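Subject: The structure I promised you

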Amino acid sequence: MKVKENRDALEPEGTSPTNAKTEQEIAASLKPESAEETLSGSPRVERSEAGKTAGELEVSPEESKAHALTDVEGSEAAEVGELQPELDEVLGPSVDREPEPAESTPSVAAEPAPALKVNSFSREQPPQLIKVAPHVLRYWTRRDVLLFGAGAVAALAGAGSLLPQATLERLGVIHENKAWPKKEWFLNRALRIDDDVAEALYSENRLIPTYTKSQITPLKNNYNGATPDPSYIPNWQLELTGLASGLRVSLNIRNLLSRFQMHEQITRLVCVEGWSAVAWWSGLKFDDLLHAYPPTSQAKWVRVESSVNLDPSGNPDPYFVSLDLPTARHPQTLLATHFNGQPLTVDHGAPLRLLVPVKLGLKNVKAVTKLSFVAEEPRDYWAERGYSRYDGI
């Protein structure tokens with residue numbers, strides 16, 4: 001009786017034997033699960049009556065079909081998965097896609113999500129639109145500009161060549177020139193483009209490349225007609241007109257050699273016929289002559305003449321060219337007296353010839369006998385025969 005009373009005294013109030021048993025059963029049922037959770041560190045899995053885990057996904061017929069297709073065509077599904085962002089941009093709302101599951105339940109083993117299959121991928125797709133920024137459409141390369149300009153000039157020149165000569169004279173295209181046909185006029189118009197570029201780029205600071213004596217090449221006698229007889233040399237004189245002093249001055253070769261400093265240069269002579277040669281020249285600068293005998297203030301051109309020039313038959317055929325004064329003042333423009341270290345021979349224009357490296361060879365007059373300074377552009381031997389006037393390089 002006392003033992004029972006002592007046991008009753010140890011039990012707390014409101015606790016019955018039945019309740020104590022229930023608590024022990026609960027504690028016993030929870031202890032294994034707690035240990036299992038502690039060891040595994042993963043969520044508890046309960047088996048359902050059907051033997052499936054509650055954490056497994058419920059697979060719909062559509063998803064089962066997608067999994068099957070993925071297993072069979074694994075490579076194609078991977079490719080579609082890689083192309084999916086691009087298809088979203090190109091196809092936009094026109095592509096029908098399978099709806100994604102609203103909520104997924106974690107599974108026992110994490111598996112990669114299957115790639116979405118585009119149902120309408122096999123059918124004909126709408127054309128892809130390519131957008132180009134407006135500034136790209138307006139962008140012209142330098143080659144485009146040059147080609148367009150050349151085409152426009154060629155079209156204008158071709159159309160102009162079909163006009164009557166009277167119309168060309170009235171428009172100012174032909175100036176007192178009826179010696180050459182329209183096809184030569186067309187050639188002259190094409191050459192004029194190069195002249196305009198050369199004239200625009202002209203600068204007294206832009207020098208023609210110079211060479212060494214080891215680079216000298218042979219220079220042929222390129223008289224347009226017959227080579228003059230050397231009998232003119234003893235009586236040769238250089239006549240100057242159009243001077244600011246109003247005087248007419250005559251100089252012989254001794255005057256030039258004694259009064260002016262000589263300069264040497266090795267430059268290339270370029271012929272309009274398509275050949276060139278590197279030669280060693282010596283002489284006085286044209287600019288030094290202009291300082292010693294200044295032209296009138298109105299003068300912009302100099303007419304360079306050779307009265308001893310002959311035609312192919314050996315008859316007198318005076319040669320004359322026009323030269324703008326800025327070119328005459330170029331530091332490399334010489335009145336040459338020597339060739340390859342020796343006085344000029346008749347073949348190369350003794351005793352004085354004009355050397356203008358920034359011009360074609362037809363401006364480099366041999367056996368110069370007269371310089372006339374004028375305000376208007378003078379006549380030019382080759383310009384009257386269909387060639388250009390400026391002849392710049």
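Below are my notes on one threonine and on some salt bridges.

Before anything else, keep in mind that this is a predicted model.

**The threonine**

Let's begin with T337. If you follow the chain to strand β7, which covers residues 334–339, you will find T337 there. Is T337 buried or exposed? Its relative accessibility is 3%, so T337 counts as buried, because buried means under 20% relative accessible area.

What does T337 touch? Its side chain makes a polar contact of 2.8 Å with the side chain of H338. If you set aside the neighbours within four places in sequence, the contacts of T337 include I253, L257 and M262.

**The salt bridges**

How many salt bridges are there? The count comes to seven, and I'll walk you through some of them.

One pairs E305 with R303, where the side chains meet with an N to O distance of 2.9 Å. E305 has a relative accessibility of 19%, so it counts as buried. R303 is at 18%, so R303 counts as buried too. Both calls rest on the cut-off of under 20%, so do check these two residues yourself on screen.

Another salt bridge joins the side chains of K363 and D380, at 2.8 Å from N to O. This pair links distant parts of the chain, 17 residues apart: K363 is in the loop between β9 (353–355) and β10 (370–374), while D380 is in the segment after β10. How accessible are the two partners? K363 has a relative accessible area of 0%, so it is buried. D380 also comes out at 0%, and is therefore buried.

Which residues are linked with K363 and D380 in a network of salt bridges? The answer is D391, which joins K363 and D380 in that network.

The last one on my list is E377 with R389, whose closest N and O atoms are 3.9 Å apart. Here, too, the pair links distant parts of the chain: E377 and R389 are both in the segment after β10, 12 residues apart. E377 is at 35% relative accessibility, so it counts as partly exposed. R389, with a relative accessible area of 32%, is partly exposed as well.

That's it from me. Happy exploring!

Technical notes: Residues are numbered from 1 along each chain as its sequence is written. This is a predicted model: local features need pLDDT of at least 70, side-chain atom pairs count only at pLDDT 80 or more; totals for chains, interfaces and linings use all residues. Side-chain values use heavy atoms; hydrogens and water are left out. Helices (H or I, at least four residues) and strands (E, at least two) are DSSP runs, numbered from the N terminus. Buried means under 20% relative accessible area, exposed over 50%, partly exposed in between (1.4 Å probe, protein chains only). A polar contact is a pair of N or O atoms within 3.5 Å; within protein, one must be able to donate a hydrogen and the other to accept it, and residues adjacent in sequence count only if both atoms are side-chain atoms. Contact means heavy atoms within 4.5 Å. A salt bridge is a side-chain nitrogen of Lys or Arg within 4 Å of a carboxyl oxygen of Asp or Glu.
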